[in-house]
Amino acid sequence: MSMPQLVKRLVSGVILDLDGTLLNTDTIVGEVLKVYLAKYDKRWDGRETPKVAGKTPVEAAAAIVEDYGLSFSTEELISEITPMFGDQWSKIKALPGANRLIKHLRGNGVPMALASNSPRESIELKISFHEGWKESFTVIIGGDEVRDGKPCPEIFLAAAKGLELEPSKTMVIEDSLPGVMAGKAAGMEVVAVPSLPKQNHLYTSADVVINSLLDLRPEIWGLPPFQDWVEDTLPIEPWHIGGPVIKGFGRGSKVLGIPTANLSTDGYSELLSEHPSGVFFGWAALSSRGVYKMVMSIGWNPYFNNKEKTIEPWLLHEFEEDFYGEELRLVIVGYIRPEANFPSLEALVEKIHDDRRVAEKALDLPIYSKHRDHPFLRI
């Protein structure tokens with residue numbers, strides 16, 4: 001775990017955005033728009049997501065009407081589509097690290113507010129499906145309770161006032177550009193957690209940009225640090241993925257000298273969208289060979305600039321031959337670090353070997369070794 005950079009300003013309270021920051025709303029929005037637009041022979045492919053992320057419902061609807069050349073008004077779109085969302089809110093999952101962050105701040109008595117461009121009623125409905133959330137926030141403000149939504153700072157200034165804190169003593173955590181702009185205009189510390197891939201370069205006005213909430217270091221701002229890291233690793237709720245080993249990019253062994261086993265992401269794109277890119281570790285089972293320690297990357301691999309999110313596990317064992325086509329099952333139990341770009345191939349290879357050492361050592365700890373017997377690994 002690298003030492004966090006020192007930030008000059010200490011804060012006393014935290015204001016959180018909801019959609020895309022705490023909740024994986026983008027997936028639901030995409031599904032609803034796909035069904036809705038199909039009725040008009042239009043196809044939603046997600047490319048317009050940046051135009052609706054972080055916007056008020058009216059702004060988002062106006063962008064869709066204009067982009068798709070729909071022959072009705074923004075108000076008509078909202079009245080048609082709102083009931084379609086109502087049925088979906090119960091399915092929205094918390095983003096990785098959201099429950100951990102809320103529990104941590106609440107448990108340490110850090111005042112919290114929720115400030116979203118969504119209408120207040122919609123916010124209340126969404127958080128009602130997540131135990132302990134509503135009572136964790138001293139203040140909840142919706143976009144319909146202020147004159148102008150983000151990027152105007154009004155909603156954040158109102159939240160700080162409700163927390164009885166100076167704006168300069170509060171930190172905003174946001175996933176969208178309008179939200180980041182609003183937080184900075186309010187004179188607050190802003191942590192950006194971009195919800196769209198490969199967008200970090202657009203968030204230069206944020207004080208810190210992190211890959212996911214798992215990477216937040218509250219102590220940088222004088223808030224209580226998380227106490228759950230274990231020997232440079234973070235235990236996570238175990239999850240699993242499996243399938244036949246396929247031929248990958250051909251760069252693992254040839255370019256890196258690291259023989260990764262590639263899994264097809266067909267049918268797994270939704271599962272992968274629930275997990276942040278980064279380096280993880282756990283246990284791997286091969287159908288005819290047994291169970292092995294494993295370290296893996298999920299993501300776009302910035303050094304090679306992948307076009308889609310992939311999963312590349314490295315089984316920590318010397319195999320004599322390839323095992324293409326064999327059934328591979330992975331149980332992921334811990335997190336090491338976010339995905340990063342590297343100035344050179346040598347630096348990338350060195351870091352991957354560091355990750356291997358961290359994973360090998362950690363998997364001997366009881367908190368991780370117990371998952372070697374996970375039912376999913378019994379092929």
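Predicted model: local features only at pLDDT ≥ 70, side-chain atom pairs only at ≥ 80, totals over all residues.
Biologist: Where does Thr-233 lie among the strands?

Modeller: Thr-233 is found in the loop that runs between strand E6 (208–209) and strand E7 (234–246).

Biologist: How should I read its accessibility, as buried or exposed?

Modeller: A residue is called buried when its relative accessible area is under 20%, and because Thr-233 has 0% relative accessibility, Thr-233 counts as buried.

Biologist: Which polar partners does the side chain of Thr-233 have?

Modeller: A polar atom of the Thr-233 side chain lies 2.6 Å from the backbone oxygen of Val-230, and the side chain of Thr-233 also makes a polar contact with the side chain of Tyr-368, at 2.8 Å.

Biologist: Which residues does Thr-233 touch, not counting residues up to four places away in sequence?

Modeller: With those residues left out, Thr-233 touches Asp-228, Phe-281, Tyr-335, Ile-336, Val-358, Ala-362 and Tyr-368, and Tyr-368 is also the residue whose side chain makes the 2.8 Å polar contact.

Biologist: Turning to charged pairs, how many salt bridges are there?

Modeller: The general idea is a side-chain nitrogen of Lys or Arg within 4 Å of a carboxyl oxygen of Asp or Glu, and by this rule the count comes to 18 salt bridges. One of them joins the side chains of Glu-174 and Lys-150, with an N to O distance of 2.6 Å. Glu-174 belongs to strand E4 (residues 170–174), whereas Lys-150 sits in the loop between strand E3 (139–142) and helix H7 (154–163), so the pair ties together parts that are 24 residues apart in sequence.

Biologist: Are Glu-174 and Lys-150 buried or exposed?

Modeller: Glu-174 is buried, its relative accessible area being 0%, and Lys-150, at 2% relative accessibility, counts as buried too.

Biologist: What does the salt bridge between Lys-293 and Asp-364 link?

Modeller: Their side chains meet at 2.9 Å, N to O, and the pair links distant parts of the chain, with Lys-293 in strand E10 (residues 290–299) and Asp-364 in the loop between helix H11 (345–362) and helix H12 (366–369), 71 residues apart. Lys-293 is buried, with a relative accessible area of 19%, whereas Asp-364, at 53% relative accessibility, counts as exposed.

Biologist: With which residue does Glu-327 form a salt bridge?

Modeller: Glu-327 pairs with Arg-329, and the closest N and O atoms are 3.4 Å apart. Glu-327 is partly exposed, with a relative accessible area of 27%, and Arg-329 counts as partly exposed at 22% relative accessibility.

Methods. Residues numbered from 1 in each chain as written. Heavy atoms only, no water. Helix = DSSP H or I, 4+ residues; strand = E, 2+ residues; numbered from the N terminus. Buried < 20%, exposed > 50% of the residue type's maximum accessible area, 1.4 Å probe, protein only. Polar contact = N/O pair within 3.5 Å; in protein donor to acceptor, adjacent residues only side chain to side chain. Contact = heavy atoms within 4.5 Å.
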